[in-house]
Amino acid sequence: QVQLVESGGGLVQAGGSLRLSCTASGGTFSSFARGWFRQAPGKEREFLGAIAWNGRMTHYEDSVKGRFAISRDYAKNTVYLQMNSLKPEDTAVYYCAAGTTIANPNDFGFWGQGTQVTVSS
C-alpha cells in the first residue's frame, strides 16, 4: 500500500522550532514534487510550499517564507519541513502531499494523514 506518513508534530512554545517528516512507504515518490499544507480549525487548507522532484528548487508561500524550509532525503524517502520562529497562528494540522509542480497547490493529489502542531503563546 502506497502511503505518505507525517510525523514530528507536537506542542511547542511561540518562538520555538519543530521539524516535521513525511516518509513514503510502498513507493518512493522520487519523481514527484513534494509539498506541505496545513489546515487550522475552521479554515481552509493552506499551501505552504514544495520541493521539486530533483530537490533543486523550492517554493514557499509568503506566510512562511524565511521561517520554514523544505528539504528531502532520497535515501530515506523522506521530506522535511523545518519550522522556525513559530507563532500561535501556525497551529494547525500539517499535511504532506505528492504532486507534479512546486508552485500550484492544485497539482498535488496524494496526501498523508496529517500531524498536529500546536504553538502556545
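A salt bridge is a side-chain nitrogen of Lys or Arg within 4 Å of a carboxyl oxygen of Asp or Glu. The model is predicted, and it holds four salt bridges. Side chains of opposite charge can pair when their charged atoms come close.

**Lysine 65 and aspartate 62**
- The side chains of lysine 65 and aspartate 62 form a salt bridge, at 3.3 Å from N to O.
- Aspartate 62 counts as exposed because its relative accessibility is 66%, and exposed means over 50%.

**Salt bridges of aspartate 90**
- Arginine 38 and aspartate 90 form a salt bridge whose closest N and O atoms are 2.8 Å apart.
- Arginine 38 lies in strand 4 (residues 33-39) and aspartate 90 in the loop between strand 8 and strand 9 (92-99), so this pair ties together parts that are 52 residues apart in sequence.
- Arginine 67 also forms a salt bridge with aspartate 90, with the closest N and O atoms 2.8 Å apart.
- Arginine 67 lies in the loop between strand 6 (58-60) and strand 7, so its pairing with aspartate 90 ties together parts 23 residues apart in sequence.
- Arginine 38 is buried; arginine 67 counts as buried at 13% relative accessibility, and aspartate 90 at 0%.
- A network of salt bridges links Arg38, Glu46, Arg67 and Asp90.

- Four strands form an open, antiparallel sheet in the order 1-3-8-7.
- Strand 1 (3-7) and strand 7 (68-73) are the edge strands, each pairing on one side only.
- Neighbouring strands of this sheet are turned by 20 degrees against each other on average, direction ignored.
- Strand 3 (residues 18-25) pairs with strand 8 (residues 78-83) over six bridges, and threonine 23 has threonine 78 in strand 8 as its bridge partner.

Methods: Residues are numbered from 1 along each chain as its sequence is written. This is a predicted model: local features need pLDDT of at least 70, side-chain atom pairs count only at pLDDT 80 or more; totals for chains, interfaces and linings use all residues. Side-chain values use heavy atoms; hydrogens and water are left out. Two strands pair if DSSP finds at least two bridges between them. Helices (H or I, at least four residues) and strands (E, at least two) are DSSP runs, numbered from the N terminus. Axes are lines fitted to C-alpha atoms, for helices over the stretch in contact, and angles run from 0 to 180 degrees between N-to-C directions. Buried means under 20% relative accessible area, exposed over 50%, partly exposed in between (1.4 Å probe, protein chains only).
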